[in-house]
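Okay, thanks for coming, everyone. Let me put the model up and then we can walk through it together.

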Amino acid sequence: MALEFTSKAKPLVQFCDIDLSELLIRRADSAAMRLIPEWARRFAARDDDQSQGLARTIRAFADSGLNVKQTAQKLGVHTNTVYFRLNRIQKLSGLDPRAYSGLTTLLTMLRLLEVRDEAGRNSQR
């Protein structure tokens, strides 16, 4: 099982070093994938720059400890842009990215889609 978490950058992984949430995401079944709404799939779409911007904002906001100013600095945008995007995310999804439950749900859906997309690309090789 630990082999699934190896990469070129990390060729050896001990089972005890596997992140629990990452294990659950990588082991999600098709029922979990069916629970992901269409708007989340659009956020993860590679061909839509605006949606990609929203997805990047969600991730940067989480990585910045929910700090809008740090998020703006990471993204190279004005703080008002971050506020606008967070409000847009809430409007499109019905989830509040400023709340723990909303943010974790958004991040989990995006990560599930990312892992499935990576697996699809790897299987085509």
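Let me start with a question: which residues does Ser64 touch, not counting residues up to four places away in sequence? The answer is Gln70, Thr71 and Lys74, where touching, or contact, means heavy atoms within 4.5 Å.

Before I go on, a word on where this comes from. This is a predicted model, so local features need pLDDT of at least 70 and side-chain atom pairs count only at pLDDT 80 or more, while totals for chains, interfaces and linings use all residues. Residues are numbered from 1 along each chain as its sequence is written, and side-chain values use heavy atoms, with hydrogens and water left out.

Now the overall picture. We've got seven helices and zero strands; helices here are DSSP runs of H or I with at least four residues, strands are runs of E with at least two, and both are numbered from the N terminus. Read along the sequence, that gives α-α-α-α-α-α-α. Taken along the principal axes, the C-alpha atoms fill a box of roughly 45 × 30 × 30 Å. Of the 125 residues in the chain, 31% are buried; buried means under 20% relative accessible area, exposed means over 50%, and partly exposed is in between, with a 1.4 Å probe and protein chains only. Among contacts between residues at least 6 apart in sequence, 47% join residues at least 24 apart.

Back to Ser64. That residue sits in the loop between H4 and H5, and it's buried, at 6% relative accessible area. Gly65, which follows H4, has a positive phi, near 65 degrees.

What about H4 itself? Its 15 residues should span 21 Å at 1.5 Å a residue, and the end C-alpha atoms are 21 Å apart, which agrees; the expected span is 1.5 Å times one less than the number of residues. The buried residues in H4 are Ser51, Gly53, Leu54, Ala55, Thr57, Ile58, Ala60 and Phe61.

Take Ala60, in H4 (residues 49-63). Ala60 is buried, with 8% relative accessible area. Leaving aside neighbours within four places in sequence, Ala60 is in contact with Thr71, Lys74 and Leu75. Its C-alpha is 13 Å from that of Thr79, 19 residues along the chain.

On to H5. Val68, Thr71 and Ala72 are buried there. Looking down the axis of H5, those buried residues fall within an arc of 100 degrees, so they line one face of the helix; the arc is that of the directions from the helix axis to the C-beta atoms. Lys69 and Gln73 are exposed on the other side of H5. And what do the buried residues of H5 pack against? They pack against H4 and H6.

H6 (residues 79-93) also has 15 residues, and it reaches 21 Å from first C-alpha to last, close to the 21 Å expected. Its buried residues are Val82, Leu86, Ile89 and Ser93. Seen down the axis of H6, they fall within an arc of 60 degrees, so again we have one face lined by buried residues. As a reminder, an α-helix has 3.6 residues a turn, so residues three or four places apart point the same way. On the other side of H6, Asn80, Phe84 and Lys91 are exposed. Gly94 comes after H6, with a positive phi near 80 degrees.

Next, the cores. By nonpolar core I mean a set of buried Ala, Val, Leu, Ile, Met, Phe, Trp, Tyr and Cys residues joined through side-chain atoms within 4.5 Å. The largest has 23 residues, and Ile36, Phe43 and Ile58 touch the most other members. Helix H3 (38-43), H4, helix H5 (68-75), H6 and helix H7 (100-123) each give two or more residues to this core. H7 provides the largest share, seven residues. A second, separate core has five residues, among them Phe5, Val13, Ile18 and Leu23.

Last thing: the pocket. On a 1 Å grid over the protein atoms alone, a pocket is an open set of points where a 1.4 Å probe fits, with protein on both sides within 12 Å along at least five of seven lines, and lining residues have an atom within 4 Å of a point. The largest pocket has a volume of about 230 Å³, the volume being the space filled by probe spheres set on the points, with grid points joined across faces, edges and corners. Of its 13 lining residues, Ala44, Arg46, Gln52, Glu114 and Asp117 are the closest to the centre. H7 supplies the largest share of that lining, six residues.
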